[in-house]
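Please look over the sequence and the model shown here. A short report follows them.

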Amino acid sequence: MVDLSPLQEKRYHRNIQVPCVGVEGQKKLLRSSALVVGAGGLGSPAAYYLVAAGIGRLGLADGDVVDLTNLQRQILHFTPDLGRPKVESATDKLRALNPDCEVVPHNFVVTAENATQLVAQYDLVIDATDNFAARFVLNKACLETRRPFIHAAVLSMAGRVMTMLPYEGPCLRCVFREPPSLSAKTTFELGVLGAIPGLAACLQATEAIKYLLGQGELLVNRMLIFDGLSMTFETAEVRRDPECPDCGTP
Amino acid sequence: MLIELRVYTGLERYLGTRYGEKIPVTIDRSTTIRDLLARYSIPASEVSAALVNGLHKSLDYCLQDGDRVSLFPPVGGG
């Protein structure tokens, strides 16, 4: 196994000092990969922390361009990036942040047609999307390829995070059977404080690193839900459903 | 029969309770989750997922003694 270079030993010193990482964990991280789907409020900080931590390869998928309304929370995009494809804007910053990491931009919308092939190229998937249709597509692709799926969603001052290990714990559709009704309010109507997806995404990045290093206890069989206004964090019990349309017993 | 109810992310305003607080509720036999929503005037459209003992259940599920019910509103942004 290749040793860390002196520069890498310095760059990752604070990671290496963490007992659950160490030199071996850092080397493992440098050999690992993750796909972040969505380069927005969740995807920006999740990708940033994974790349800073020294993940070896990070895929970033999004088909959108940078809009002025994005900039209060989507921290990989700056004012001069307005109108640029999000993955292009994000890739520039991530490559500048850590040249150890191979950043792979996927400048397209993830669909049922391309999801499985895309997901199969990475060790795990971070759900940084903003809609349930995309999440359900990714949930299926992760089940099919047996890739961990680290979910988060936010609205206004609230959010939730859950890690799904295919066929070992509940999948997304065990918990959320149908997309919210069309009348359900979104961040367009109810807003979202920029730091809230940041908070959720930091938890996602932590879960991803723990999974890749085989350390700690993941948010499996429990869903972390938080409210930034009362600053309350709770975990709710969630269980794999034998009647789940996606992962249940046929 | 006695159940435990927990509500999150804004639904607590219908009950006047705190986020995620455990609320003991006495119910009659054959009470459904939908009946529970009606009791607290929670619109069904504001419940994205109802979990009973950690498992997804439809709003027409008949609650059993000791059930732990959690209600979540739609939260889907990123």
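## The model

This is a predicted model: local features need pLDDT of at least 70, side-chain atom pairs count only at pLDDT 80 or more, and totals for chains, interfaces and linings use all residues. Residues are numbered from 1 along each chain as its sequence is written, while chains are lettered from A and ligands numbered from 1 in the order in which they are written.

## Strands of chain B

Helices (H or I, at least four residues) and strands (E, at least two) are DSSP runs, numbered from the N terminus. Two strands pair if DSSP finds at least two bridges between them.

Strand β1(B) (residues 2-7) runs antiparallel to β2(B) (residues 23-26), with four bridges joining them. Here Leu2(B) has Thr26(B) as its bridge partner. β1(B) also pairs with β5(B) (residues 68-72), in the parallel sense, over four bridges. Glu4(B) stands opposite Arg68(B) there.

## Leu15(B)

Leu15(B) sits in helix α1 of chain B, residues 12-15. It counts as partly exposed because it has 18 C-beta neighbours inside 10 Å. The cut-offs are 20 or more other C-beta atoms within 10 Å for buried, 12 or fewer for exposed, and partly exposed in between, with C-beta atoms placed from the backbone.

Contact means C-beta atoms, placed from the backbone, within 7 Å. Leaving aside neighbours within four places in sequence, Leu15(B) is in contact with Val7(B), Ile23(B) and Tyr40(B).

## Where the chains meet

Chain A gives 36 residues to the contact, and chain B gives 17 residues. On the side of chain A that touches chain B, β8(A) gives the most, with four residues.

Definitions and conventions: Contact = placed C-beta atoms within 7 Å.
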